[in-house]
Amino acid sequence: MSRKQWELFLAGMALLFIMGISIYRYTSQIPEEERYRLSVFSDSNDHNTKSILRQGMERASRDFHTDLNFIMFTEEQTEEEKEEIIIRELQKGSQGFLLHLDNPDLWIEKYSLMLEGRIVLALEVAFDYHPDNPSIWIDNEKMGHELAMELVKGRSENQKVILYKTEEKNKKDFLRSMGGKKALEENGIVWEEREAIDNEEENVLYLCFNQSATEQTAEMLKDNINSKCIFGVGNSEKNVYYLDKGMIHTLAVPDEYMIGYMGVKNICDRLSFRESSQGMEIDYILVSKEELYLPEVQKRMFPIVQ
């Protein structure tokens, strides 16, 4: 190799070296996609709902590079203990809070000062008194109304109607109850409202506004010869079993998976400034025994399996 060729070779190697260093420096400065940390607060004792909601959230957390921390509040905890939990989550860097609570309006009133600067989002029910905060909600009043209308259509003359009492502090159940009562009033049907008790009555239709009440009523009546006497909420294993057996006439099934998924997505979009949406209404379906095994119904009722 001549001297000139050797000089050209060294110059080429130097150029390649410089280009390599430049490319390395450029690529090493590209940041990894930012990960968000979100806290999920719940006071629901409904294991099936929590499971489906959680599956939706966890799927979204993988899709949107998010770390979730699930926290259950209990009646035994004092306000001071709850505040300590919130402070701890803030100290750990939580940027958003998802509330799967009986009454998120009351909760945010108590802790709004602590959460200033953080995104707070309600699941299943919309904020009534805090319109600046987003929600992923169901039209629970409409659901209760439509469920009661199924009862009206399936009711024989002189059949008694029993509603199980709901607490006003449990917002979603109370809204469903309001919608159900309105439908019964519109059709001139008198009902009895009471706490769930362990006895059976003949020629009665039962209207239940949450999953636990639906399960309890089905268990109470499982040896009763009456069929299709319960109109309830939720797609738990028990409720689906009694729907299939003919004890339950109609189930209202919220899309819990989508509520969980869109809740995480909504906060991540807001944190990344991709979207400024204040929330979204999620649908529900009414399911009878005859519709239970339709593919589109199975997909909505059992999203985790699908």
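**Notes on a first look at the model**

1. Start with Phe73, which is buried at a relative accessible area of 6%. Keep in mind as you read that this is a predicted model.

2. Phe73 has an aromatic partner, Phe41; the two rings are stacked, 5.0 Å centre to centre with 15° between the planes. Phe41 is buried as well, with a relative accessible area of 0%.

3. For the protein, the count of aromatic pairs comes to eight.

4. Now have a look at the helices H3 (residues 79–91) and H4 (residues 104–111). Their axes come within 12 Å and cross at roughly 80°, so H3 and H4 are roughly perpendicular to each other. H3 brings Glu79, Lys82, Glu83 and Ile86 to the contact, and H4 brings Trp107, Lys110 and Tyr111. By type, that gives three nonpolar, no polar and four charged residues.

5. Finally, the wider view. The protein has 10 helices and 12 strands, and 46% of its 306 residues count as buried. Among contacts with a separation of 6 or more, 66% come from residues 24 or more positions apart.

How values were computed: Residues numbered from 1 in each chain as written. Predicted model: local features only at pLDDT ≥ 70, side-chain atom pairs only at ≥ 80, totals over all residues. Heavy atoms only, no water. Axes fitted to C-alpha atoms, helices over the stretch in contact; angles between N-to-C directions. Helix = DSSP H or I, 4+ residues; strand = E, 2+ residues; numbered from the N terminus. Parallel < 35°, antiparallel > 145°, perpendicular 65-115°, else oblique. Contact = heavy atoms within 4.5 Å. Nonpolar A, V, L, I, M, F, W, Y, C, P; charged D, E, K, R; others polar. Buried < 20%, exposed > 50% of the residue type's maximum accessible area, 1.4 Å probe, protein only. Phe/Tyr/Trp six-rings, centres within 6.5 Å; stacked < 30°, edge-to-face > 60°.
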